[in-house]
Amino acid sequence: MASASCWRCLIRPSQRLLLTIPTSLSAAPAAAFTTSAAQYARLPATKTPKPKAKFASGEINMSRHIRAGKRLFLGKKKKRQPDKFKPPATGERKAFRKRIQLTNNNALEVKGLEEMTAENIVDPESVGKMVGLPEELIDQLRAIEAFKPTQNWGLFRAPHVLLRQESVDLARQLTEAVGNKETLRMVITGERAVGKSMLGLQAQATGFLNKWIVINIPEAQELVTASTEYSPVHNSDMFSQPIYTLKMFQAIYKSNAALLSQLRVELDHMHLPVTVNRGMTLAALTSITKEPEFAWPVFQSFWKELLLPGRPPILLTLDGLSHIMRISDYRSPSFELIHSHNFGLVRMFTEALGGKTRFPNGAAVLGVTSKGNSPKIPSFEKALEQAAAAHNGLPIPPRDPFYTKYDERVFDAMNGVKVFDVRGVSKTEARALMEYWAASGILRMRVDEHNVSEKYTLSGNGVLGEMERVALFDVRMSM
């Protein structure tokens, strides 16, 4: 006979069900644990315990879900109070980034070295020697920003340079061209860290020692990266950069004051917004304007005065040549991008480099390329390749017929220039440089054939920047 109760009712009830049934209730006449409506009808109405009461009674254990020792914040997070400090002034970060330290009193003084002169810089016997820079020459080079922050001048007691074979060859070409009242138009190229900017510095030193007027644009990218003020020139498609031009005027005055004070104004400049009289010195002309908006017209008059017959030779240099061979980041009033050659200072240099400007007293125009910070410009690379082939007497490579965006203005600016390719130093020059490092107390190893060959090989056959990295890495990291 089948049982009146189901098998489910015979299962032992769970502890949870036993806790929820009150003990004061009498037994039901039906099955003890049935879920019939009659049993629930006899249960008194009870309130559902709140979660807080269950936590207090220990019925719910949250230890598995809350990590011990961790506080729970349900409100809004408090904002962190910003640190109270004085913000850097305008231009302070840039001045710190571009600061130059030329002396180090902790370094040993190297005695017995010659100073650079106009004679020994063109002497073939000076190849492989370290020469010092005179104090007056250091001030002139500092005024035109010839020293670079990446050249490690602060490791030594006084600035010295290595006269390598390329230094003597470049100085000789400069002096011969100026002596014949010709114009030397040259582009210095080479791999990264081979010393291109250092050769530019030595060329500027040659100009100062020979009493030339030296004008330098230290960083060409500052003219085209929309980092300085600009304004359109009246009745022209050109744009001027008044703040940069005024700064350049001040650098010309500081570096060439002794020479410009001996030259007189010979032309009439009635159109200028400032008073310029005949007979005043060119040094006074460079310092006559204090307002940026007057800097560009005064600079044009100053440039015309320098091109008159009987003036000293001119050395015009620019570092970072590839930056001015492209479309700049500036925009015209119609919001169109401006070509770099539409700026006054850039056009002055490109016309001189391309041979459009005539220098009756002899001049040298040098453009130094950069590999560490250089945009990729197909027009400039092809123009440089063609100029190098023409300079070496090789067949001129044709343009890519499938590339239609060549810039003719770049080819005009590079027309007929000489290409001066710079490579690593020789092993003899590397030994002279390491001996100077050791005499300064920077290189603490024996300078013998083994160590020289080791550093020479590790630096990629005499790449100067790599030699400094290999030999002076510990010293640079400690500064």
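**View A. The five-stranded open sheet.** In this predicted model, 5 parallel-paired strands form an open sheet in the order β4-β7-β10-β3-β11. Strands are DSSP runs (E, at least two residues), helices likewise (H or I, at least four), each numbered from the N terminus, and two strands pair if DSSP finds at least two bridges between them. At the edges lie β4 (213–217) and β11 (418–422), each of which pairs on one side only. Neighbouring strands of the sheet are turned by 20° against each other on average, direction ignored; axes are lines fitted to C-alpha atoms, for helices over the stretch in contact, and angles run from 0 to 180 degrees between N-to-C directions.

**View B. Pairing of β3 with β11.** Strand β3 (residues 183–190) pairs with β11 in the parallel sense over 5 bridges. Met186 has Lys418 of β11 as its bridge partner.

**View C. Helix α12 on the sheet.** Helix α12 (residues 378–391) packs on the sheet and touches β3 and β11, where contact means heavy atoms within 4.5 Å. The direction of α12 makes about 95° with that of β11.

**View D. The whole chain for context.** The protein chain has 17 helices and 11 strands. Of its 479 residues, 43% count as buried, meaning under 20% relative accessible area (1.4 Å probe, protein chains only). Among contacts between residues at least 6 apart in sequence, 73% join residues at least 24 apart.

**Notes.** Residues are numbered from 1 along each chain as its sequence is written. Local features need pLDDT of at least 70 and side-chain atom pairs pLDDT 80 or more, totals for chains, interfaces and linings use all residues, and side-chain values use heavy atoms, with hydrogens and water left out.

Conventions:
Buried means under 20% relative accessible area, exposed over 50%, partly exposed in between (1.4 Å probe, protein chains only).
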